Amino acid sequence: MENFLGTTEKTLKQYFVEWGVAPYRVHQVFTWVYHKEVRDFDLMTNLSKPLRQKLQATFYFSLPGLQEKFSSSDGSVKYLFSLEDGSTIESVWMPSDDRKTLCISTQVGCRLACSFCMTATLGLKRNLTAGEIIGQILKVNEDLGENDRITNVVVMGMGEPLDNYQPLVDALRLMVSPEGMRISNRKITLSTSGLVDKIKDFQEENIHVNLAISLNATLDEVRDQIMPINKKYPIHVLLDALRNYPLKPNRKFTFEYVMLAGINDTDDDAKRLGRLLKGIPSKINLIPFNRIEPGDYHPPSESRLLSFQNYLISRNYSVFIRKNRGTDILGACGQLAAQSSS
Ligand code: SF4
């Protein structure tokens, strides 16, 4: 038996060919599941009884279990989910005036060992299935009222998404599919620490979600220290891959830059960043480090942050300071799950 949530249209079509069922019935099943939110094949009345029985014998429906839920004073809600094997993952729902964004996880833990990241302390326990990835969105929507339904998704929680490639791609296809979750590709952002080979593979998939790059340094020696993946894909290799990436018109890459006091927040860093990103359609998010205990890093001062931002604005970049959400509820990626597994 397999979880229907996470099964792609392509896979279901293969089953239907095997069973001698007309492929257009895939559309009917998907409409029941994703548009009418029916999770019982017996209720799918426009399908024949034998087909319903076959589906029932092959698939089940499983969503992540809601283990705990924490509401922050800033309006965000952090969900701690338990999976079928007892692993825990987290998702953060962040409302703003015009959108409701869910940050979702793709792995239990992560193996990339970024030194400023709480998830890294878990190591990689396992990859999530496509069903567990989209299940976070389905479960949060189920939990929230109609007015709070998720409009935007950021794939930026626990794990390096491109390190869990095929389940991620399947999950994204289900998210953007008109037969599936019908989320506009413009409203989904995939964040990566810069797995260059996988970025190249991903451009062949034709799934035009937004790409965010977790850059966080302007010198290889600094990035090597805080993001060891840089030893494999140094900054210029990563940026060259982005220069060759077939971005859709009017789209930009988002560069995430976690600011660590005294490490990557100097005026020289701002100048180098401006030079490095020259010619790349870019938007920059500056993220003051979200202090976790125990930790060697500190957030930059307000004046340092503003000076960094102002320099880049003077070089005509769009630069935003991203407020940490849910800092009172352990809002940084991996903090809750790391705590619950300790
Ligand atoms: S920052 Fe992202 S890629 Fe790096 S260790 Fe944490 S989860 Fe993994």
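1. Lining of the largest cavity. The residues around the largest cavity split into seven nonpolar, four polar and three charged. Here Ala, Val, Leu, Ile, Met, Phe, Trp, Tyr, Cys and Pro count as nonpolar, Asp, Glu, Lys and Arg as charged, and the others, Gly among them, as polar. The lining has 14 residues, with His208, Val209, Tyr245, Pro246 and Leu247 nearest the centre. Helix 6 (196–203) and strand 11 (210–214) each supply at least two of the lining residues. Helices (H or I, at least four residues) and strands (E, at least two) are DSSP runs, numbered from the N terminus.

2. Basis. This is a predicted model, in which local features need pLDDT of at least 70 and side-chain atom pairs count only at pLDDT 80 or more, while totals for chains, interfaces and linings use all residues. Residues are numbered from 1 along each chain as its sequence is written, and side-chain values use heavy atoms, with hydrogens and water left out.

3. Cavity volume. The largest cavity has a volume of about 120 Å³. The count is one cavity of 30 Å³ or more. On a 1 Å grid over the protein atoms alone, a cavity is a set of points where a 1.4 Å probe fits but cannot get out; a pocket is an open set with protein on both sides within 12 Å along at least five of seven lines; lining residues have an atom within 4 Å of a point. Points are joined across faces, edges and corners, and a volume is the space filled by probe spheres set on them.

4. Second largest pocket. Its volume is about 330 Å³. Of its 17 lining residues, Tyr34, Glu37, Asn141, Arg149 and Met181 lie nearest the centre. Helix 2 (24–35) and helix 4 (130–143) are the elements giving two or more residues to this lining. Helix 4 gives the most, with four. The lining divides into six nonpolar, five polar and six charged residues. Domain 1 (2–60) and domain 2 (65–340) both contribute to the lining, so this pocket lies between them. The domain bounds come from an automatic or database assignment.

5. Largest nonpolar core. This core has 101 residues; Phe16, Val29, Tyr34, Leu55, Phe116, Leu172 and Met175 have the most contacts inside it. Its largest share, seven residues, comes from helix 5 (residues 165–176). A nonpolar core is a set of buried Ala, Val, Leu, Ile, Met, Phe, Trp, Tyr and Cys residues joined through side-chain atoms within 4.5 Å. Buried means under 20% relative accessible area (1.4 Å probe, protein chains only).

Conventions: Buried < 20%, exposed > 50% of the residue type's maximum accessible area, 1.4 Å probe, protein only.
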